[in-house]
Amino acid sequence: MGELATVREAGVLCTIGLGSCVGVALVDRSTSIAALAHVVLPESEGRVDPGGKFADTAVPKLLEDILRLGARRTRLEAILVGGARMFPTRTAGPHAEIGERNQQGVRDALRLQRIPVVAHALGGTQGRTVRVDADGRVRVRTAGTPESVLYDAAPARRVAA
């Protein structure tokens, strides 16, 4: 939770137990470079975050890290997973609807960086696991269901070649 990582050429990034948290995957659709953050809260509100805990600090850090590996900003695409409502909300307050607030926080941070969201598996009431292959394939498993491919950047690479 609250971590981020990058991968180049081979390997798989994975985050499990996404409930109200949001997994933010960035993929360079023309290379085998990808990144993944496990965002826990929508805003840092001035708190220091060396990793991926807050949407407003995780997205810029994820972008910085993936560009450092050689990804090109103009080819980046985002895939979002999670943001569920895991517990019934009885009262309004800062913790109510945290899944929806995390989704919005991540979308706002991506919009500021001008990175398009090309696929998502958000909301609902069940937890998810996301796996991101270096080649840009993103797989999702919702609790109680088999894993499925949510996004595959491979067709974009074949067209560009």
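**Stop one: a charged cluster**

Select Asp-133 and Arg-137: they form a salt bridge, with the closest N and O atoms 3.2 Å apart. (A salt bridge here is a side-chain nitrogen of Lys or Arg within 4 Å of a carboxyl oxygen of Asp or Glu.) This is a predicted model, where local features need pLDDT of at least 70 and side-chain atom pairs count only at pLDDT 80 or more, while totals for chains, interfaces and linings use all residues. Residues are numbered from 1 along each chain as its sequence is written, and side-chain values use heavy atoms, leaving out hydrogens and water.

Salt bridges with shared partners link Arg-131, Asp-133, Arg-137, Arg-139 and Glu-147 into one network.

Next, pick Arg-75 and Asp-28, whose side chains meet in a salt bridge of 2.8 Å, N to O. Arg-75 sits in the loop between helix 1 and strand 5 and Asp-28 in strand 3, so the pair ties together parts 47 residues apart in sequence. Helices (H or I, at least four residues) and strands (E, at least two) are DSSP runs, numbered from the N terminus. Arg-75 and Asp-28 are buried too.

**Stop three: helix 1**

Buried residues in helix 1 include Ala-55, Leu-62 and Ile-66.

Technical notes:
Buried < 20%, exposed > 50% of the residue type's maximum accessible area, 1.4 Å probe, protein only.
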